[in-house]
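The following exercises ask for a careful reading of a structural model. Each task is followed by a worked solution.

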Amino acid sequence: MIYLDSAATTLQKPPAVARAAAWAVDHLASPGRGGHMPARRAAEVAFACRQAAAELFGVESPEQVVFTCNATHALNIAIRSLVMPGDRVLISPWEHNAVTRPLHALGAKLLVAKAPLFDRKGLLDAFEAGLEAGPAAVVCTHVSNVFGFILPIGEIAGLCRRRGVPLIVDASQSAGCLPVRQEELGAAFIAMPGHKGLYGPQGTGLLLCGGREEAFPLLQGGTGSASALQSMPDYLPDRLEAGTHNLPGIAGLLAGLRYVAGRTPEAIGKKESVLIRRGAQGLARLPQVRTFQARDPACQSGVLSFQVAGMDCEAVGEALSRRGIAVRAGLHCAPLAHESAGTLEEGTVRMSVSDFNTPAEVDRFVWELSRLTAASRRSH
Amino acid sequence: MVYYLIVCRSLTYAQRTAAALERAGITARILRSPKLIDREGCSHCVKVAERNLTAALVILNRAGLNPKRIFLQAEDGGYREVGL
């Protein structure tokens with residue numbers, strides 16, 4: 001199978017990830033819950049993972065690295081920490097349901113910084129105008145999970161800093177393949193999954209906390225600390241980590257972080273960008289296919305959406321699956337992004353790559369799609 | 001042997017504290033705090049030899065790490081809090 005759905009989850013991982021997770025099942029207990037060796041080893045692995053993340057993402061202290069179940073969990077904590085019911089919140093037009101649903105549940109009033117797809121300047125102008133309305137917070141994805149649009153997050157962070165508006169960054173599609181530095185962004189929170197560009201197991205995520213804002217504990221419970229008190233500890237990471245940790249996941253994530261740090265996000269992102277341009281150029285030669293490709297390659301990550309005229313996007317995904325190619329079709333849990341691009345009715349098919357894909361795999365994907373579209377033309 | 005126990009606000013803080021001391025060549029071991037000195041229930045401390053306490057405090061101060069409390073662990077097993 002050729003796996004081109006890494007924007008959902010990377011399937012091919014460095015071999016060390018599975019080894020570390022399997023080893024953890026047999027050897028690691030619960031960090032902070034005992035003085036015995038399995039608990040101490042678990043604490044060492046958890047700390048090493050926090051340190052590795054802090055170094056990779058420019059976080060001042062490992063205490064500001066919080067383990068979560070996934071990016072959605074991290075975003076929910078961040079949003080609940082900064083947004084009160086009825087608050088105005090400024091978001092980009094490319095947000096995932098992981099952002100819009102928690103905001104909707106809170107009854108937040110959404111201000112969308114509208115701009116055309118791949119228009120960085122227009123987006124910045126829209127954010128600048130949106131900040132005039134005095135939002136309680138800004139939530140912005142770094143990269144669109146549907147179109148691979150790399151948003152100018154550094155500049156957006158600068159606008160927020162100048163206005164004193166706290167920023168939540170959704171780094172779900174950028175962590176591991178683009179530079180993401182907490183110290184440079186000055187964001188209140190940065191949320192990311194462990195199982196995508198960081199090559200960890202599913203069930204892992206990270207919330208990087210700026211440390212200035214009080215964090216809201218979504219879960220209450222045991223932390224192995226201050227147990228005589230009935231309120232959650234007021235310090236990180238304990239405040240946000242109630243219950244037993246996913247140590248097999250964390251051990252695997254540590255191996256993934258080490259892989260990414262060794263390769264560097266810049267090198268991984270460059271490789272993915274080359275693969276996506278190759279795919280886009282191949283698809284552009286197919287008459288029925290419409291691709292959503294940035295003119296400036298620096299604006300697009302390893303994600304590419306396309307549509308096939310006369311074919312339902314889900315049917316295309318199914319047909320490619322039968323030909324041994326894994327892509328994702330539909331709305332990609334991001335109806336706002338599709339609405340913003342004008343693809344809400346039809347959806348798109350998305351190919352997304354990782355550091356483990358090859359040019360030959362991309363060429364095979366294009367070839368299979370060309371056969372599929374040719375067959376579709378004949379049947380019409 | 002007499003030891004000092006540097007009580008930390010969290011396990012992660014204790015790990016940062018121990019790492020800073022180990023980097024400076026001071027042996028530091030993380031322990032769960034003895035119940036007798038643990039006011040809030042469940043905390044972690046870093047154990048250092050008596051001779052290393054002064055140097056340890058200098059290193060922690062430079063690293064911006066603030067011990068919550070410090071106890072002297074006497075040879076008879078008793079604990080006495082040391083003013084910071």
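The exercises below concern a helix pair, a loop residue, a pair of strands and a further helix.

This is a predicted model, in which local features need pLDDT of at least 70, side-chain atom pairs count only at pLDDT 80 or more, and totals for chains, interfaces and linings use all residues. Residues are numbered from 1 along each chain as its sequence is written, while chains are lettered from A and ligands numbered from 1 in the order in which they are written.

**Exercise 1.** Determine how the axes of α9(A) and α12(A) cross.

*Solution.* Step 1: helices (H or I, at least four residues) and strands (E, at least two) are DSSP runs, numbered from the N terminus. Step 2: the axes of α9 (residues 265-284) and α12 (residues 359-379) of chain A, lines fitted to C-alpha atoms over the stretch in contact, come within 9 Å and cross at roughly 20°. Step 3: α9(A) is therefore roughly parallel to α12(A), a term for angles under 35 degrees on a scale from 0 to 180 degrees between N-to-C directions.

**Exercise 2.** Identify the residues through which α9(A) and α12(A) meet.

*Solution.* Step 1: contact requires C-beta atoms, placed from the backbone, within 7 Å. Step 2: α9(A) contributes Leu275(A), Arg278(A), Gly279(A), Gly282(A) and Leu283(A); from α12(A) come Pro359(A), Val362(A), Asp363(A), Phe365(A), Val366(A) and Leu369(A).

**Exercise 3.** Is Leu286(A) buried or exposed, or does it fall in between?

*Solution.* Step 1: Leu286(A) lies in the loop between α9 and β9 (289-292) of chain A. Step 2: a residue is buried if 20 or more other C-beta atoms lie within 10 Å of its own, exposed if 12 or fewer, and partly exposed in between. Step 3: Leu286(A) counts as partly exposed because it has 18 C-beta neighbours inside 10 Å. Step 4: leaving aside neighbours within four places in sequence, Leu286(A) is in contact with Leu369(A), Ser370(A) and Thr373(A).

**Exercise 4.** Describe the faces and the pairing of β2(B).

*Solution.* Step 1: in β2 (residues 29-32) of chain B, Ile30(B) and Arg32(B) form the covered face, and Arg29(B) and Leu31(B) the uncovered one. Step 2: β2(B) pairs with β3 (residues 44-49) of chain B in the antiparallel sense over 4 bridges; pairing requires at least two DSSP bridges. Step 3: Arg32(B) stands opposite His44(B) in β3(B).

**Exercise 5.** Which residues of α4(A) are buried, and what follows the helix?

*Solution.* Step 1: in α4 (residues 97-106) of chain A, the buried residues are Ala98(A), Val99(A), Thr100(A) and Leu103(A). Step 2: Gly107(A), with a positive phi near 75°, follows α4(A).

Methods
Parallel < 35°, antiparallel > 145°, perpendicular 65-115°, else oblique. Contact = placed C-beta atoms within 7 Å.
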